[in-house]
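Please look over the sequence and the three-dimensional model shown here before reading on. The report that comes after them is written for someone meeting this structure for the first time.

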Amino acid sequence: MSLIVFDLEWNIGYQPRLFDYHGAEQTLRGEIIQIGAVKVDETGRVLDTFSLNLKPRLFRKLQHHIAKVTGMTQADLDGGVPIREGLQRFVRWCGPDAAFAEWGMDDVPVLKQNLFLNNLDERWPTRWYDLQQIFLAQRGRAEGEGMTLESVITRLGIPTDRPFHDALSDALYTVDVCQRLDLARGIAEYPTEEQQLRAAACPEGSDCRNVECFFGYLEKEVWREDPTLHDLRCPDCGGLLAPEKHPGDQNEGELWMRRGNNSYYGLVHCGCGKQWFARFKMARRDGLHWAFARCYEAPTPESLAKWEKQKRLMVERLKHRTEKAEG
């Protein structure tokens, strides 16, 4: 297995750009304008490097913020390798069995979107690791410490003799961090996508029941209607659970409230007399497909009181909105 530690710089437009992915509307995160990558062994030793500027075909004008951060110019974009050719070169250099590692989780989704938009196989790569997670597992983080690559490099006392926000330079800085970790152990212990989703849905210490994960969906809101996802069953008796209805307007349907980022929950009732909070947690690690975790929690007096308070506030907001509309 080749491990590719990589970094991307990408250009964005002044307006969002949408594209169709197998019938689902997606927002393009950015168009790649620079690739920097380092092949390493299990100790982080550098085996080879790759660096290339790309000429975009969608966002052809360099956005001013991107220019300021990266130091790149319009001439750099215009003189780059056409993006499809550059991506093909990168794929060949990496090899078919490559696993990827990056600082954070931003670059793989952008890579996959760009591969698709250039008629290349977006299913590659199939394995990638967030080195920030491995760092936190092995080195920890004190209160107030930042987790940007630059802040970690400074904290570790690594010489900063290369510029930041240059793709190859940032990839090499990431390798510098890798060499101060037990990289082989970090990769061996790295959680699967399902394990990560389960942990996000049910943090340590929470009392979750019947956790299930579902993968490969194109639409975020599918959890509301998909028969498999919405087959809510009582953890005690297996009976069908009925979600509460919207308090302001029964025509609005089921009542689900947001909890944090990409998470919803609702109070559901069973014919056996039990009630539960059903929770949905969603994630889109590859930038193209949604995954969902579904679980149940037994209500407590505190959580029920909070739920009722949120409902009251919702009814008040709806009433205020209706009165305002009626003048």
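## Basis of the description

This is a predicted model, in which local features need pLDDT of at least 70 and side-chain atom pairs count only at pLDDT 80 or more, while totals for chains, interfaces and linings use all residues. Residues are numbered from 1 along each chain as its sequence is written, and side-chain values use heavy atoms, with hydrogens and water left out.

## The chain as a whole

The secondary structure of the protein chain comes to ten helices and 14 strands, where helices (H or I, at least four residues) and strands (E, at least two) are DSSP runs numbered from the N terminus. Along its principal axes, the C-alpha trace of the chain spans about 65 × 50 × 35 Å.

Of the 327 residues in the protein chain, 46% are buried; buried means under 20% relative accessible area, exposed means over 50%, and partly exposed is in between, with a 1.4 Å probe and protein chains only. Among contacts (heavy atoms within 4.5 Å) between residues at least 6 apart in sequence, 65% join residues at least 24 apart.

## The pair of helices α3 and α4

Helix α3, residues 83-94, packs against helix α4, residues 107-117, at an angle of about 120°, and their axes are 10 Å apart. The axes are lines fitted to C-alpha atoms, for helices over the stretch in contact, and angles run from 0 to 180 degrees between N-to-C directions. The two helices α3 and α4 are therefore oblique to each other, given that angles under 35 degrees count as roughly parallel, over 145 as roughly antiparallel, 65 to 115 as roughly perpendicular and the rest as oblique.

The crossing of α3 and α4 is left-handed, a term used if the near helix is turned anticlockwise from the far one by less than a right angle, with right-handed used if clockwise. On the α3 side the contact is made by I83, L87, F90 and V91, and on the α4 side by L111, N114 and L115. These contact residues divide into six nonpolar, one polar and no charged, where Ala, Val, Leu, Ile, Met, Phe, Trp, Tyr, Cys and Pro count as nonpolar, Asp, Glu, Lys and Arg as charged, and the others, Gly among them, as polar.

## Aromatic residues

The structure holds 20 aromatic pairs, and rings of Phe, Tyr and Trp (its six-membered ring) pair if their centres lie within 6.5 Å, with planes under 30 degrees apart counting as stacked, over 60 as edge-to-face and the rest as tilted. The rings of F90 and W93 have centres 6.3 Å apart and planes at 15°, so this pair is stacked. Both F90 and W93 lie in helix α3, three residues apart, which is about one turn of the helix. F90 is buried at a relative accessible area of 1%, and W93 also counts as buried, at 14%. One aromatic cluster is formed by F6, F50, F90, W93, F100 and W124.

W223 is placed in the loop between β9 (209-217) and β10 (241-243), and at 0% relative accessibility W223 counts as buried. Not counting residues up to four places away in sequence, W223 touches L229, H230, W256, Y264, F280, M282 and F292. The C-alpha atoms of W223 and F280 are separated by 7.9 Å, although these residues are 57 residues apart along the chain.

## Backbone details in loops

W124, a member of the aromatic cluster, is joined to P125 by a cis peptide bond, with omega about -5°. P125 lies in the loop between α4 and β8 (128-130). N119 is found in the loop between α4 and β8, and N119 has a positive phi of about 60° although it is not a glycine. At 67% relative accessibility, N119 counts as exposed.

N262, in the loop between β11 (257-258) and β12 (263-270), has a positive phi of about 55° and is not a glycine. N262 is partly exposed, with a relative accessible area of 24%.

## A buried and an exposed residue

T174 has its place in helix α7, residues 167-178, and counts as buried at 3% relative accessibility. Leaving aside residues up to four places away in sequence, T174 touches V5, W103, L131 and L149.

Q15 sits in the loop between β1 (3-11) and β2 (18-21), where at 62% relative accessibility Q15 counts as exposed. The C-alpha atoms of Q15 and F59, 44 residues apart along the chain, are separated by 9.9 Å.
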